[in-house]
Amino acid sequence: MHVLAACVFEEAGSVDHALELLRETPIASSGSFALFDTARAVLLDISPEGIFEVPEVVPGTWLRTNHFLTPAPSVHEKSWLYQPDSGQRFAFLQDRIARTRPQSADELVGQLITGPGEPAVTCNPDPAKEFGQRWASLATITLDPARRTARILDGTPAEHDSRPWFELQC
């Protein structure tokens with residue numbers, strides 16, 4: 001997936017061109033790509049089953065947790081590895097965003113912060129847990145297709161106002 005991503009980012013001049021490249025490539029592993037240009041954005045589930053566009057949860061907003069979001073690739077997914085946590089996080093965020101639709105990327109980041117009793121969208125590692133259960137949110141990323149930018153925070157959504165954001169211009 002990393003080599004494929006590098007090729008797509010190097011070669012594609014648009015989302016449509018990226019999709020064309022992806023559909024021409026034999027796929028032997030699985031992943032997820034978020035692609036955008038000034039006219040269009042897509043979130044993709046990619047697997048040997050094919051390339052599938054993930055629907056928006058509300059217009060202009062896509063969500064991704066750790067599981068496939070389209071039916072065909074989810075059939076062969078290692079659900080024991082990600083579920084039920086990933087599905088619970090996705091459902092929680094989908095509901096939260098549908099009820100209080102964010103008007104900006106900053107508002108969306110604020111909705112990603114979770115607390116006790118809520119699915120762990122913002123994960124802080126617990127050293128007391130066994131290996132494989134010490135989940136941590138490592139980065140927070142917002143994409144602005146119209147401005148062709150990606151804002152990246154080296155940290156969790158809860159750290160959005162205490163750590164610097166880095167902005168990349170495409």
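Visitor: Is T122 buried or exposed, and why?

Guide: Buried means under 20% relative accessible area, exposed over 50% and partly exposed in between, with a 1.4 Å probe and protein chains only. T122 has 9% relative accessibility, so T122 counts as buried. This is a predicted model, where local features need pLDDT of at least 70 and side-chain atom pairs count only at pLDDT 80 or more, while totals for chains, interfaces and linings use all residues. Residues are numbered from 1 along each chain as its sequence is written, and side-chain values use heavy atoms, with hydrogens and water left out.

Visitor: Where is T122 found, and which residues is T122 in contact with?

Guide: Helices (H or I, at least four residues) and strands (E, at least two) are DSSP runs, numbered from the N terminus. T122 lies in the loop between α6 (105-111) and β4 (140-144). Contact means heavy atoms within 4.5 Å. Neighbours within four places in sequence aside, T122 is in contact with L112, I113, T114, S137, T156, P157 and A158. The side chain of T122 also reaches the backbone oxygen of L112 at 2.9 Å.

Visitor: How is A120 classed, and why?

Guide: A120 counts as partly exposed because its relative accessibility is 39%. A120 is found in the loop between α6 and β4. Not counting residues up to four places away in sequence, A120 touches R89 and T114. The C-alpha atoms of A120 and F92 are separated by 9.7 Å, and these residues are 28 apart along the chain.

Visitor: What order do the strands have in the open sheet?

Guide: Strands of a sheet pair through backbone hydrogen bonds, either parallel or antiparallel. Two strands pair if DSSP finds at least two bridges between them. Here an open sheet of three strands has the order β1-β2-β3, with antiparallel pairing. β1 (31-36) and β3 (50-53) are the edge strands, each pairing on one side only. Neighbouring strands of this sheet are turned by 25° against each other on average, direction ignored. Axes are lines fitted to C-alpha atoms, for helices over the stretch in contact, and angles run from 0 to 180 degrees between N-to-C directions.

Visitor: How many bridges join β1 and β2, and which helix packs on the sheet?

Guide: β1 and β2 (residues 41-47) pair in the antiparallel sense over six bridges. G31 has I46 in β2 as its bridge partner. Helix α2 (residues 15-24) packs on the sheet and touches β1, β2 and β3; the direction of α2 makes about 150° with that of β1.

Methods
A polar contact is a pair of N or O atoms within 3.5 Å; within protein, one must be able to donate a hydrogen and the other to accept it, and residues adjacent in sequence count only if both atoms are side-chain atoms.
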